[in-house]
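Visitor: I would like to learn how to read the places where parts of a protein model meet. Could we go through them one at a time?

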There are 2 protein chains.
Amino acid sequence: MLFPQQTYIERRARLRSLVGNGLIVLLGNNEAPMNYPANTYKFRQDSSFLYFYGQHRDGLCGVIDADNGQEWLLGDKIDIDDIIWYGSVDSVADMAAECGVQAHAPMAKLAELVAEALKAGRKVHYLPPYRYDHKIQLADLTGLHPYRLAPSQQLIDAVVALRSKKSAEEIAEIERACDIGYEMHTTAMRLCRPGVTEQYISGVIGGIAASRGAITSFQSITTMHGEVMHGYPSTAPLEAGRLFLCDAGAETNEHYCSDHTRTTPISGRYNQRQRDIYSIVSDCHDLALQVAKPGVKYLDVHLDVCRLMTDRLKDLGLMRGNTEEAVQAGAHALFLPHGLGHMMGMDVHDMEGLGQIHVGFNAETRPSTQFGLNALRMGRRLEEGFVVTDEPGIYFIPALIDLWRKQGTNAEFLNFDKIETFKDFGGVRIEDDVLITANGCRFLGEKRIPYHIDDVEAFVAENKE
Amino acid sequence: MLFPQQTYIERRARLRSLVGNGLIVLLGNNEAPMNYPANTYKFRQDSSFLYFYGQHRDGLCGVIDADNGQEWLLGDKIDIDDIIWYGSVDSVADMAAECGVQAHAPMAKLAELVAEALKAGRKVHYLPPYRYDHKIQLADLTGLHPYRLAPSQQLIDAVVALRSKKSAEEIAEIERACDIGYEMHTTAMRLCRPGVTEQYISGVIGGIAASRGAITSFQSITTMHGEVMHGYPSTAPLEAGRLFLCDAGAETNEHYCSDHTRTTPISGRYNQRQRDIYSIVSDCHDLALQVAKPGVKYLDVHLDVCRLMTDRLKDLGLMRGNTEEAVQAGAHALFLPHGLGHMMGMDVHDMEGLGQIHVGFNAETRPSTQFGLNALRMGRRLEEGFVVTDEPGIYFIPALIDLWRKQGTNAEFLNFDKIETFKDFGGVRIEDDVLITANGCRFLGEKRIPYHIDDVEAFVAENKE
């Protein structure tokens with residue numbers, strides 16, 4: 001467990017109090033088969049389960065009776081085969097004791113507890129399942145179809161309320177993830193040169209994440225095609241003159257994340273066109289850091305960035321017209337079809353599985369349906385202790401350019417003839433992880449991965465492997 | 001696609017012929033959520049789907065009408081969001097054309113085809129699903145519960161018949177995986193020294209697998225506790241004087257596997273007790289290579305190894321009595337609770353998801369229920385073109401020693417007083433991948449990872465990083 005027992009006891013007590021009544025079921029994850037039942041992916045515990053119980057074993061479930069406070073940790077006993085094949089592991093009794101849960105029982109107890117509660121007309125609270133084994137399990141428990149379950153909004157809201165604000169100890173763990181991220185990204189920058197494959201760099205930095213922590217916090221994006229938002233690395237060798245975009249993060253052994261992006265010139269220096277675009281993105285990146293603070297909506301930080309980006313794209317002749325009108329119309333989304341950032345914590349898009357709308361938005365700040373803005377994952381007012389990413393980007397996506405041009409979308413704000421000449425550009429993104437502090441915000445991680453043009457070029461020149 | 005179109009067409013034609021009648025449904029894999037729906041594990045296509053269609057995209061399904069030969073490749077269309085987020089990808093029509101399938105349609109067509117077939121009283125053949133999303137999908141198609149489906153034995157037998165014998169091109173791809181395995185294992189041997197963590201070595205060799213191919217073929221075992229059959233690496237630093245067991249393999253980008261194990265002295269040289277045990281295992285390893293050939297049951301190769309192991313453990317005073325009787329009783333299984341090896345190919349335990357009993361056994365060679373022998377995954381007669389692992393080991397498992405001593409299990413063959421003194425030993429395993437040739441067998445992989453005592457010690461001395 002990362003934290004003292006008392007931390008987990010208090011978290012569950014607050015959860016119980018926020019939910020108010022009914023039976024709360026928190027499913028831990030099971031092993032996930034890759035290509036046959038026994039060949040599983042690396043085990044990843046559910047983040048909310050970790051948050052409330054701190055236990056890393058598969059096959060567990062926490063139950064809290066919110067009405068009377070009774071708690072159970074459920075899980076099946078280990079036998080001699082488990083010991084021979086997987087080594088000596090803690091018993092469920094030991095794990096329950098460790099995290100301060102009074103009662104423990106085999107997993108079969110869950111059906112009994114849920115059936116009793118339902119029979120008594122009580123609410124059974126569960127989070128939206130994202131694993132299919134959980135969908136089947138919940139379907140068996142509730143009698144609903146695996147794809148037509150009814151997760152509890154009260155439970156979602158309570159978990160979001162608790163997990164959104166990071167404690168000092170959680171922030172320290174995120175900083176550890178950022179330190180691993182520093183090693184991953186500076187290694188990628190050193191390896192970035194003509195002839196090295198995207199896959200090679202992805203593999204090496206994945207090895208760094210796994211050798212110093214648990215795993216990458218998501219599948220690394222290491223690509224010459226930065227204009228693909230979440231492209232997977234190919235076996236293509238890097239080409240001189242192009243840009244190399246690396247978006248990657250680490251997860252510590254306790255499953256706190258980092259998430260950074262850098263865009264490095266494969267030839268070591270940005271050419272003029274790349275400097276023009278890159279400097280807009282780095283200025284947008286710095287702007288966000290100036291304006292993000294408690295009380296400010298992250299939606300407004302996003303829009304500030306969009307205005308600056310639009311102004312600067314007008315200077316380059318790629319956009320035109322009134323900046324405010326262009327941003328209102330979403331014209332800049334041709335270049336920035338995603339949001340400025342997302343919450344980050346134990347999930348790299350923190351709590352996204354609970355429903356982005358419940359994490360990044362609320363009654364005051366509603367999500368948009370406009371193209372581009374609809375991909376903003378975090379819009380609501382910032383609070384001290386939030387951790388968010390700051391990740392502006394500019395992309396030239398040939399298929400999207402063709403589509404908008406054909407449809408005449410936002411044609412009054414876009415100079416398609418000039419944009420056409422950028423179709424071979426690719427994309428630029430710069431991303432860091434930001435802690436909202438009492439009066440402002442700060443980057444997380446002890447060392448800065450270089451991102452200003454001069455710093456990147458100097459780093460690459462000094463560190464070529 | 002790894003092979004020419006004609007290869008896939010022929011494989012499907014043979015499959016159709018072997019199954020004979022009914023509707024064959026071959027589900028390709030979908031993305032597998034890790035900690036929320038959009039944060040997926042690295043995509044791994046189903047091996048049988050790859051074998052018959054060669055297509056790497058998620059969300060596909062192949063259907064073959066075995067009665068009239070009609071074929072479909074099913075999958076949903078991509079849209080502009082797919083292009084923005086994941087890049088330009090081939091259409092289902094293009095993929096169908098590439099692998100020689102005449103018709104294509106959206107995935108919704110599957111329910112229609114299956115419903116028609118069931119209505120007409122025809123058999124719908126599907127393989128045992130190991131992914132839970134497939135269990136739900138098949139439950140929806142058949143009306144059965146996700147955990148009470150009825151996979152087709154005809155289809156299982158047909159797929160096993162086809163995939164068991166590897167073609168020259170498949171063997172070449174396995175050799176490529178073995179070459180990556182060579183780099184992984186020799187790197188682990190170089191890194192193996194006091195103070196380096198198990199996790200560190202696991203991460204670095206995982207990075208090698210991912211940078212040169214797709215992924216590790218299974219979660220690497222890198223441990224001082226070789227006596228745990230499938231222990232995961234810990235953050236514990238390696239200790240002088242102990243043994244370090246590394247069981248790891250690579251998967252190429254086309255998803256053919258390697259699987260090797262080496263046991264290296266952390267201090268650079270084996271001590272006398274380690275030499276005594278290690279030399280038995282290396283002699284057993286070599287023995288298997290001498291006796292494995294077409295027509296020989298792998299069960300008998302396993303038993304030959306068990307006899308040699310028992311003889312040699314008697315020389316050390318750890319076992320006693322008549323060797324043949326001891327092996328018949330399964331007394332050696334205290335030290336070797338697993339089988340000599342398993343099939344290997346596109347799955348590291350090849351086709352294990354189809355049911356080990358259908359892959360490694362048949363009407364002539366039945367699996368055993370005896371402890372130890374019941375973990376033998378491959379027993380039937382070898383044929384030219386089979387690829388199997390040769391992986392003897394000797395382990396001292398404290399909990400198992402205590403249990404057998406308490407129960408008096410095989411007490412007439414075991415010198416528990418002496419065995420007790422080995423409880424701090426750990427375990428030794430040596431594993432290579434073996435191709436059954438026309439007249440015998442050979443190791444796969446261009447270069448041998450050192451495994452004889454003198455070779456290991458010399459390699460470590462020359463290559464310490």
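Visitor: How many residues of chain A are in contact with residues of chain B?

Guide: An interface can be described by counting residues, and two residues are in contact here if their C-beta atoms, placed from the backbone, lie within 7 Å. In this predicted model, 57 residues of chain A are in contact with 57 residues of chain B. The elements of chain A that give two or more residues to this side are β2 (33-36), α3 (80-86), α6 (132-142), α9 (198-212) and α14 (398-407), and the largest share, 11 residues, comes from α9(A). By class, that side of chain A has 29 nonpolar, 19 polar and 9 charged residues.

Visitor: What rotation superposes chain A on chain B?

Guide: Chain A is superposed on chain B by a rotation of 180° with 0.0 Å of shift along the axis, at an RMSD of 0.0 Å, which is the relation of a two-fold axis. Of the residues of chain A, Gly207(A) comes closest to that axis, at 1.9 Å for its C-alpha. Because 100% of the interface residues of chain A are also interface residues in chain B, the copies meet through the same surface.

Visitor: Which domains does the assignment give for chain A, and how many of their residues are in contact?

Guide: The domain assignment of chain A gives domain 1 (5-164) and domain 2 (168-463), with 35 Å between their centres, taken over C-alpha atoms. Within chain A, 14 residues of domain 1 are in contact with 14 residues of domain 2. On the domain 1 side, α2 (47-53) and α7 (153-164) of chain A each supply at least two residues, and α7(A) gives the most, with 6 residues.

Key: Residues are numbered from 1 along each chain as its sequence is written. Chains are lettered from A and ligands numbered from 1 in the order in which they are written. This is a predicted model: local features need pLDDT of at least 70, side-chain atom pairs count only at pLDDT 80 or more; totals for chains, interfaces and linings use all residues. Helices (H or I, at least four residues) and strands (E, at least two) are DSSP runs, numbered from the N terminus. Ala, Val, Leu, Ile, Met, Phe, Trp, Tyr, Cys and Pro count as nonpolar, Asp, Glu, Lys and Arg as charged, and the others, Gly among them, as polar. Copies are superposed by least squares on the C-alpha atoms of residues with pLDDT of at least 70 in both. Domain bounds come from an automatic or database domain assignment.
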